[in-house]
Amino acid sequence: MKKKLVCLLLAGTMSAAVLLSGCSAKNNDGKIEIELVHYKPEAVDVFEELEEKFNSTHDNIRLTISSPNDAMTVLKTRFVREDYPDILGIGGDINYSYFIDSNILADVSDYEGLSQINQGYVDILEGLEFVPTEGTYGVPYVANAAGILYNRQMFRDHNWEIPTTWDELITLCDTIQSEGILPFYFGLKDIWTCLAPWNALAVSLAPSDVCQQVNAGDTMFSEEYRDVAEKMLELLKYGEEGPFAYGYNDACTAFANGESAMFTIGSYAVPQIKSVNPDMDIDSFVMPGSDSADDNTLNSGVDLMLAVTEECENKEAAYEVIDFLLEDENVQAYLDDQNAVPCKSGDFTLAPNLDGMKDYITSGNMADFQDHYYPAEMAVDAQIQTFLINQDVDAFLSKFDTDWVRYNRDIIRMVEEYNAKNP
């Protein structure tokens, strides 16, 4: 058993009611069994199509793809039972970091398909490691992008220009407001929505590795996040009255119905918005948090990666599955179904709502979501919501620093030990 996993991950997971059974290396037909477990229930349909397509075109491998409810809990429980899938389809967040630290994932640096992946997304995964490791432990598959969605037709009708600096954004908001239109709809009742503008601002206002720097004792969040916090408060002036009374669905509906010109959210919200107004012309632009357009960076992270487990008995067969999933037509099928961003370099058709972000995607000018480094126990989304209600920047940043040490003691100690050995 991976001993570190027990202390880092498994509180409460044994209550999972349903466990998936592991696959044997070969079935009765002599085919190699490969099991892929992913955490994207919204992508079940496209994965079912890909599974059927793979099995109809491969005689030597039988692929099983599953998406259990509460997939991460089920996976962690299976790990305790030493029952490992061959391939994990997971996001680029702190769970990925835990899995690396617990020796769950295999080094896939020998996988030739990595050469086809946008280096920016490979770097984002590398940056998630608590301490630097030898090797590569995931193949980025698709990403998402976050910033500001805007009503393209409304912008055309009013001749509003896309802002490229913070001052231009505030000027635009004043102009929109003066014309009797609400600049933003936030929907901050659902605490996770507080992270959308926070992450989008942080990528240009704070170092992308700020969490690693804090763990190493080189800086504090109260120094690096002050500008982010203050600008979050400033944006609230341009949103709906009482934003904490309305949730994500309310915000999507209001934006879809033209009640605001913009929405600080990611591309993942477009399907929900389009369910209300299928004909809405939506585009997006990078949050211009800085005073210089040259500092603008796309807030984009790995939404789905493919990671081979250390216990996989047929690594070559697992690579064959990943090769199949990375075929252009299969990547495009996923993009079309999920409104996603490809991590593979190539000539893919992106959704129209990503037009304003294409240059950042192709150039690799991107930085990960800051919350991908935050431990769940710290409940940063709730802390941000409380801060936006109380509007006390100093109290918020002080608590952030204190809680970070509280919930990251083991990781901080690990970093200290690593740095002592590798000065």
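Me: Is C173 buried or exposed?

Reply: Buried means under 20% relative accessible area, exposed over 50%, and partly exposed in between, with a 1.4 Å probe and protein chains only. C173 has a relative accessible area of 0%, so C173 is buried. Please note that this is a predicted model, in which local features need pLDDT of at least 70 and side-chain atom pairs count only at pLDDT 80 or more, while totals for chains, interfaces and linings use all residues. Residues are numbered from 1 along each chain as its sequence is written, and side-chain values use heavy atoms, with hydrogens and water left out.

Me: How many disulfides does a search of the whole structure find?

Reply: A disulfide is a covalent bond between the sulfur atoms of two cysteines. The criterion here is a pair of cysteine sulfur atoms within 2.5 Å. The search of the whole structure finds zero disulfides. For C173, the nearest cysteine sulfur is that of C194, 18 Å away. Another cysteine, C312, is buried, with a relative accessible area of 12%.

Me: What kind of pair do W198 and F396 form?

Reply: Their ring centres are 5.6 Å apart and their planes stand at 90°, so this pair is edge-to-face. Because W198 lies in helix 8 and F396 in helix 18, the pair ties together parts that are 198 residues apart in sequence. W198 counts as buried at 0% relative accessibility, and F396 counts as buried at 4%. Both rings belong to one aromatic cluster, formed by W198, F221, Y225, Y374, F387, F396, F400 and W404.

Me: How many salt bridges does the structure hold?

Reply: A salt bridge is a side-chain nitrogen of Lys or Arg within 4 Å of a carboxyl oxygen of Asp or Glu. The structure holds 16 salt bridges. Among them is the one between E35 and R78, at 3.0 Å from N to O. This pair links E35 in strand 1 (residues 32–38) with R78 in helix 3, 43 residues apart. E35 counts as buried at 3% relative accessibility, and R78 counts as buried at 0%.

Me: Which side chain meets that of E329 in a salt bridge?

Reply: The partner is K53, at 2.9 Å from N to O. E329 lies in helix 15 (residues 328–338) and K53 in helix 2 (residues 44–57), so the pair ties together parts that are 276 residues apart in sequence. E329 is exposed, with a relative accessible area of 52%, whereas K53 is partly exposed, with 29%.

Me: Where does E224 lie, a residue that is buried yet has no salt bridge?

Reply: E224 lies in helix 10 (residues 221–224). In assigning charge, Lys and Arg count as positive and Asp and Glu as negative; His and the chain ends are not counted. The nearest side chain of opposite charge to E224 is R226, 11 Å away. A polar contact is a pair of N or O atoms within 3.5 Å; within protein, one must be able to donate a hydrogen and the other to accept it, and residues adjacent in sequence count only if both atoms are side-chain atoms. Such a contact, of 2.8 Å, joins the side chains of E224 and T219.

Technical notes:
Helices (H or I, at least four residues) and strands (E, at least two) are DSSP runs, numbered from the N terminus. Rings of Phe, Tyr and Trp (its six-membered ring) pair if their centres lie within 6.5 Å; planes under 30 degrees apart count as stacked, over 60 as edge-to-face and the rest as tilted.
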